[in-house]
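Hi,

Here is the structure I promised to pass on. Have a look at it first, and then read my notes below.

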Amino acid sequence: MSDLWDSWSGAPMPGTALCPFVDIPDGGSLCIVHDGFPIVLARKGRSVKAYVNACPHQYLPLNHRGEKLLSADGSILRCSNHGAGFSVINGEGVEGLGIGACLDAVPIIISADNQIVVAEVLGELAAVR
């Protein structure tokens, strides 16, 4: 997993609210642009992962050619342009042109008011208590 997300131009600062938790469909993904910074979020139950929305193959957004990014079982994010596959859990390339590459993870938490917020450091997403 790459932790270079904050080296991208326009990366949001820790504490930045990205979107309401409920905006991300359970078992689905949501692509957002926050102040010009592209992010893709994937959710399964109370677990949410966030990555810079840029395929490392050609740096196009994963949703460049369509919004269906998750595999049927929800374990793989696929680039809609060339089909590169990345593990939802850690962003590592697992299929096609994704092998040997990885997505840049964006550290997030779910705040007490159910907002997805940029966290200080990468780590496991804590569920709202």
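This is a predicted model: local features need pLDDT of at least 70, side-chain atom pairs count only at pLDDT 80 or more; totals for chains, interfaces and linings use all residues.

On overall dimensions, the C-alpha trace spans about 40 × 30 × 25 Å along its principal axes. The radius of gyration is 13 Å, which agrees with a compact globule, because a chain of 129 residues would then come out near 14 Å. Buried residues account for 45% of the 129. If you take contacts between residues at least 6 apart in sequence, 44% of them join residues at least 24 apart.

The secondary structure is quick to describe: nine strands and zero helices. Reading along the sequence gives β-β-β-β-β-β-β-β-β.

Three strands make it up, in the order 2-3-4, with antiparallel pairing. Strand 2 (29-34) and strand 4 (47-52) are at the edges, each pairing on one side only. From one strand to the next, the twist averages 25°. As a reminder, strands of a sheet pair through backbone hydrogen bonds, either parallel or antiparallel.

Within that sheet, I looked at strand 3 (residues 37-44) and strand 4, which pair in the antiparallel sense over six bridges. Which residues of strand 4 are the bridge partners of alanine 42 and arginine 43? For alanine 42 the partner is lysine 49, and for arginine 43 it is valine 48. The hairpin made by strand 3 and strand 4 has two residues between the strands, and glycine 45 there takes a positive phi near 65°. Although strand 4 is an edge strand, it is mostly covered, with five of its six residues buried.

The loop between strand 2 and strand 3 holds aspartate 35. This residue has a positive phi of about 50° although it is not a glycine. Is aspartate 35 buried or exposed? Its relative accessibility is 72%, so it counts as exposed, the cut-off for that being over 50%.

Strand 9 has two partners worth a look. With strand 1 it pairs in the antiparallel sense over three bridges, and proline 20 stands opposite glutamine 115 of strand 9. Strand 8 is also joined to strand 9 by three bridges, and these two run antiparallel as well. One of the pairs here is isoleucine 110 with isoleucine 116, its bridge partner in strand 9.

Strand 8 and strand 9 form a hairpin with four residues between them. In that turn sits asparagine 114, another residue to check if you care about backbone torsions: its phi is positive, about 60°, although it is not a glycine. Asparagine 114 has a relative accessible area of 32%, so it is partly exposed.

On to the packing. In soluble globular proteins, nonpolar side chains tend to be buried together. Here the largest nonpolar core has 19 residues, and Leu41, Ile108 and Ile116 touch the most other members. Strand 1 (17-20), strand 3, strand 4, strand 8 (108-110) and strand 9 (115-118) each supply at least two residues of this core. There is also a second, separate core of 14 residues, which includes Val40, Tyr51, Cys55 and Leu103.

Last, a spot elsewhere in the chain: valine 94, in strand 7 (residues 93-95). What does valine 94 contact once its neighbours within four places in sequence are left aside? The list is Ile76, Gly85, Phe86, Ser87 and Ile99. Valine 94 is partly exposed, since its relative accessible area is 41%.

Cheers

Methods
Residues are numbered from 1 along each chain as its sequence is written. Side-chain values use heavy atoms; hydrogens and water are left out. Two strands pair if DSSP finds at least two bridges between them. Axes are lines fitted to C-alpha atoms, for helices over the stretch in contact, and angles run from 0 to 180 degrees between N-to-C directions. The radius of gyration is taken over C-alpha atoms; the globule rule is 2.2 Å times the number of residues to the power 0.38. Buried means under 20% relative accessible area, exposed over 50%, partly exposed in between (1.4 Å probe, protein chains only). Contact means heavy atoms within 4.5 Å. A nonpolar core is a set of buried Ala, Val, Leu, Ile, Met, Phe, Trp, Tyr and Cys residues joined through side-chain atoms within 4.5 Å.
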